[in-house]
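Colleague: Could you take me through this model? Please begin with how the elements are assigned.

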Amino acid sequence: MNTLLYILQMTLSVLLGALELLMLGRAILSWLPLEEDNALVRFLHVMTEPVIAPVRLLLERMNLFQGLPIDMSFFVTFILISILSMMV
(Lines give C-alpha, C1' and ligand atoms only; values in the text may rest on other atoms or scores of the structure.)
Protein backbone atom coordinates (compact mmCIF):
# COMPACT_ATOMS: atom_id res chain seq x y z
CA MET A 1 0.00 0.00 0.00
CA ASN A 2 2.84 2.41 0.84
CA THR A 3 4.46 1.71 -2.51
CA LEU A 4 1.26 2.53 -4.41
CA LEU A 5 0.81 5.74 -2.43
CA TYR A 6 4.42 6.71 -3.11
CA ILE A 7 3.99 6.07 -6.85
CA LEU A 8 0.82 8.16 -6.93
CA GLN A 9 2.50 10.96 -4.99
CA MET A 10 5.53 11.00 -7.29
CA THR A 11 3.36 10.86 -10.42
CA LEU A 12 1.28 13.80 -9.20
CA SER A 13 4.44 15.70 -8.28
CA VAL A 14 5.94 15.18 -11.74
CA LEU A 15 2.69 16.14 -13.49
CA LEU A 16 2.33 19.32 -11.44
CA GLY A 17 5.98 20.22 -12.08
CA ALA A 18 5.54 19.65 -15.80
CA LEU A 19 2.41 21.80 -15.80
CA GLU A 20 4.30 24.59 -14.01
CA LEU A 21 7.03 24.44 -16.66
CA LEU A 22 4.49 24.48 -19.48
CA MET A 23 2.79 27.50 -17.95
CA LEU A 24 6.12 29.30 -17.54
CA GLY A 25 6.87 28.56 -21.18
CA ARG A 26 3.48 29.94 -22.19
CA ALA A 27 4.10 33.10 -20.18
CA ILE A 28 7.54 33.65 -21.68
CA LEU A 29 6.35 33.03 -25.23
CA SER A 30 3.45 35.45 -24.73
CA TRP A 31 6.03 38.24 -24.47
CA LEU A 32 7.63 37.34 -27.80
CA PRO A 33 6.28 38.43 -31.17
CA LEU A 34 5.20 34.95 -32.25
CA GLU A 35 2.13 34.14 -34.29
CA GLU A 36 -0.65 32.13 -32.67
CA ASP A 37 -0.33 29.46 -35.36
CA ASN A 38 3.25 28.71 -34.22
CA ALA A 39 3.48 25.02 -33.30
CA LEU A 40 5.07 25.64 -29.89
CA VAL A 41 2.56 28.34 -29.00
CA ARG A 42 -0.32 26.06 -30.00
CA PHE A 43 1.14 23.15 -28.02
CA LEU A 44 1.52 25.21 -24.86
CA HIS A 45 -1.97 26.63 -25.26
CA VAL A 46 -3.51 23.18 -25.75
CA MET A 47 -1.68 21.77 -22.72
CA THR A 48 -2.39 24.62 -20.30
CA GLU A 49 -5.76 26.07 -21.32
CA PRO A 50 -7.83 23.17 -19.89
CA VAL A 51 -6.39 24.04 -16.47
CA ILE A 52 -6.65 27.81 -16.81
CA ALA A 53 -10.14 27.99 -18.37
CA PRO A 54 -12.11 26.85 -15.29
CA VAL A 55 -10.29 29.39 -13.12
CA ARG A 56 -10.98 32.08 -15.72
CA LEU A 57 -14.69 31.22 -15.71
CA LEU A 58 -14.80 31.25 -11.91
CA LEU A 59 -13.11 34.64 -11.72
CA GLU A 60 -15.48 36.02 -14.36
CA ARG A 61 -18.53 34.75 -12.47
CA MET A 62 -17.24 36.32 -9.27
CA ASN A 63 -16.51 39.59 -11.13
CA LEU A 64 -12.93 39.57 -9.87
CA PHE A 65 -10.07 41.29 -11.69
CA GLN A 66 -12.39 42.75 -14.34
CA GLY A 67 -10.89 45.38 -16.61
CA LEU A 68 -7.25 44.52 -15.99
CA PRO A 69 -4.94 44.45 -19.01
CA ILE A 70 -3.47 41.07 -17.99
CA ASP A 71 -5.07 37.66 -17.57
CA MET A 72 -5.15 37.18 -13.80
CA SER A 73 -6.60 33.68 -14.18
CA PHE A 74 -3.17 32.57 -15.39
CA PHE A 75 -1.50 33.87 -12.22
CA VAL A 76 -4.17 32.46 -9.92
CA THR A 77 -3.90 29.07 -11.63
CA PHE A 78 -0.11 29.11 -11.39
CA ILE A 79 -0.25 29.96 -7.68
CA LEU A 80 -2.79 27.17 -7.04
CA ILE A 81 -0.61 24.65 -8.88
CA SER A 82 2.45 25.82 -6.94
CA ILE A 83 0.61 25.40 -3.64
CA LEU A 84 -0.57 21.93 -4.68
CA SER A 85 2.94 20.89 -5.68
CA MET A 86 4.27 22.02 -2.29
CA MET A 87 1.62 19.94 -0.54
CA VAL A 88 2.45 16.76 -2.49
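Modeller: Helices (H or I, at least four residues) and strands (E, at least two) are DSSP runs, numbered from the N terminus. The model is predicted, with local features needing pLDDT of at least 70 and side-chain atom pairs pLDDT 80 or more, while totals for chains, interfaces and linings use all residues. Residues are numbered from 1 along each chain as its sequence is written, and side-chain values use heavy atoms, leaving out hydrogens and water.

Colleague: How many helices and strands does the protein chain have?

Modeller: There are 3 helices and 0 strands in the protein chain. Its pattern along the sequence is α-α-α.

Colleague: Why is the protein chain described as more spread out than a compact globule?

Modeller: Its radius of gyration is 15 Å, well over the 12 Å that the globule rule gives for 88 residues, so the protein chain is more spread out than a compact globule. The radius is taken over C-alpha atoms, and the rule is 2.2 Å times the number of residues to the power 0.38. The C-alpha trace spans about 50 × 35 × 15 Å along its principal axes.

Colleague: Turning to Ser73, is it buried or exposed?

Modeller: Ser73 counts as buried because its relative accessibility is 2%; buried means under 20% relative accessible area, exposed over 50%, and partly exposed in between (1.4 Å probe, protein chains only). Ser73 lies in helix H3 (residues 72-87).

Colleague: And which residues does Ser73 touch?

Modeller: Leaving aside residues up to four places away in sequence, Ser73 touches Ile52, Val55, Arg56 and Leu59, where contact means heavy atoms within 4.5 Å.
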